[in-house]
Amino acid sequence: MNFLIVGLGNIGLEYDATRHNIGFDVADAFVIKHGGSFALDRHAFKAEVKWKGKKFIVIKPTTYMNLSGKAVKYWLDKEKIPLENMLVLVDDLALPLGTLRVRGAGSDAGHNGLKNIQLLLQTDAYPRLRFGIGANFPKGKQVDFVIGKWTPSELHIVKDNVLKSVDIIESWAAQGISKTMTLYNK
C-alpha cells in the first residue's frame with residue numbers, strides 16, 4: 001500500500017524554521033525517523049521510506065506555497081495514489097499553538113497552499129493534519145507572523161508537536177482517518 005505525505009512550506013533558507021514551514025519540518029521528522037533522505041525531483045524534494053509494509057512517498061514542494069497543488073497533482077498521478085492515501089501537513093492560524101487536528105476533508109480556511117491543492121484536484125476531500133500556530137499578531141501583520149521564526153518560548157511546544165505529528169502520520173497509515181481523529185483530536 002502506497003501513501004503520499006505532503007509537507008507544505010516554502011523553499012529557501014529565509015523560510016527555514018518559520019511557522020509557515022511547519023509542514024516541511026514534520027515531513028523531515030517523519031523521513032529522518034524512518035531512515036530516509038530527500039533528493040530534488042520533479043516539483044519537489046522527495047523521499048521514499050517504508051514502515052510496516054507500507055511505502056511512503058514524502059514530498060516538500062519546490063513550487064512555493066501558493067502553487068503547492070502542482071507538485072501534489074503530479075505525484076498523486078505519477079504514483080497512482082488515491083486521495084484517501086494522501087495526507088497534507090499544514091500550518092493553521094485558526095488553531096492555538098500546541099493544537100493538532102486531523103481531518104478527512106474540509107475547506108482551505110484561507111490557506112493559499114490548500115486553496116491551490118483544492119483548485120488543481122477539484123476537491124477538498126483529502127486528509128490533512130493541521131498544525132496550530134496561533135494568531136498572536138497585531139492587525140495587518142499576518143504575513144510577518146506566518147513567515148516569522150518561532151520564539152524561544154514556543155520552540156519546546158513546536159518540537160513536541162512535531163514528534164506527535166509523526167505519531168499521527170503512523171496512526172493514520174495503520175489505523176485510518178476515523179480512528180486517528182478519535183485518538184488525537186481533543
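1. Gln-122 counts as exposed, because its relative accessibility is 64% and the cut-off for that class is over 50%. In this predicted model, Gln-122 sits in the loop that joins α3 to β7. Its backbone deserves a remark: phi of Gln-122 is near 60°, a positive value in a residue other than glycine. Most residues other than glycine have a negative phi.

2. Thr-123 belongs to the loop between α3 (112-121) and β7. Leaving aside residues up to four places away in sequence, Thr-123 touches Leu-83 and Gln-118. Gly-9 lies 114 residues from Thr-123 in sequence, and their C-alpha atoms are 21 Å apart in space.

3. A positive phi also occurs at His-43, where the angle is near 65° in a residue other than glycine. His-43 is placed in the loop between β2 (39-41) and β3 (44-51). Is this residue, His-43, buried or exposed? His-43 is buried, because its relative accessible area of 19% falls under the 20% limit.

4. Leu-93 is located in the loop between β5 and β6 (100-103). With a relative accessibility of 21%, Leu-93 counts as partly exposed, since that class runs between the 20% and 50% limits. Not counting residues up to four places away in sequence, Leu-93 touches Ile-133, Gly-134, Ala-135, Phe-137, Gln-142, Phe-145 and Val-146. Asp-28 is 65 residues from Leu-93 along the sequence, with a C-alpha to C-alpha distance of 21 Å.

5. Gly-140 is found in the loop between β7 and α4. Its relative accessibility of 74% is the reason that Gly-140 counts as exposed. Between Gly-140 and Asn-10 there are 130 residues of separation in sequence and 21 Å in space, taken from C-alpha to C-alpha.

6. Turning to open sites, the largest pocket has a volume of about 340 Å³. Its lining consists of 18 residues, and those nearest the centre are His-20, Gly-110, His-111, Asn-112 and Gln-142. Which helix gives the largest share of the lining of the largest pocket? That share, three residues, comes from α4. Both β5 and α4 (142-146) supply at least two residues each to the pocket lining. By class, the lining of the largest pocket divides into seven nonpolar, seven polar and four charged residues.

7. Val-26, Leu-89, Val-90, Leu-129, Phe-131 and Ser-165 line the largest cavity. Two strands, β5 (86-92) and β7 (128-132), each contribute at least two residues to this lining. The lining of the largest cavity has five nonpolar residues, one polar residue and no charged residues.

8. The secondary structure of the chain amounts to six helices and seven strands. Taken along the sequence, their order is β-α-β-β-β-α-β-β-α-β-α-α-α. Among contacts in the chain with a separation of 6 or more, 68% are between residues 24 or more positions apart.

9. On overall dimensions, the radius of gyration of the chain is 15 Å; this agrees with a compact globule, because 186 residues in such a globule would give a value near 16 Å. Along the principal axes, the C-alpha atoms fill a box of roughly 45 × 30 × 30 Å.

10. Of the 186 residues in the chain, 50% are buried.

Notes: Residues are numbered from 1 along each chain as its sequence is written. This is a predicted model: local features need pLDDT of at least 70, side-chain atom pairs count only at pLDDT 80 or more; totals for chains, interfaces and linings use all residues. Side-chain values use heavy atoms; hydrogens and water are left out. On a 1 Å grid over the protein atoms alone, a cavity is a set of points where a 1.4 Å probe fits but cannot get out, and a pocket is an open set with protein on both sides within 12 Å along at least five of seven lines; lining residues have an atom within 4 Å of a point. Helices (H or I, at least four residues) and strands (E, at least two) are DSSP runs, numbered from the N terminus. Ala, Val, Leu, Ile, Met, Phe, Trp, Tyr, Cys and Pro count as nonpolar, Asp, Glu, Lys and Arg as charged, and the others, Gly among them, as polar. The radius of gyration is taken over C-alpha atoms; the globule rule is 2.2 Å times the number of residues to the power 0.38. Buried means under 20% relative accessible area, exposed over 50%, partly exposed in between (1.4 Å probe, protein chains only). Contact means heavy atoms within 4.5 Å. Grid points are joined across faces, edges and corners, and a volume is the space filled by probe spheres set on the points.
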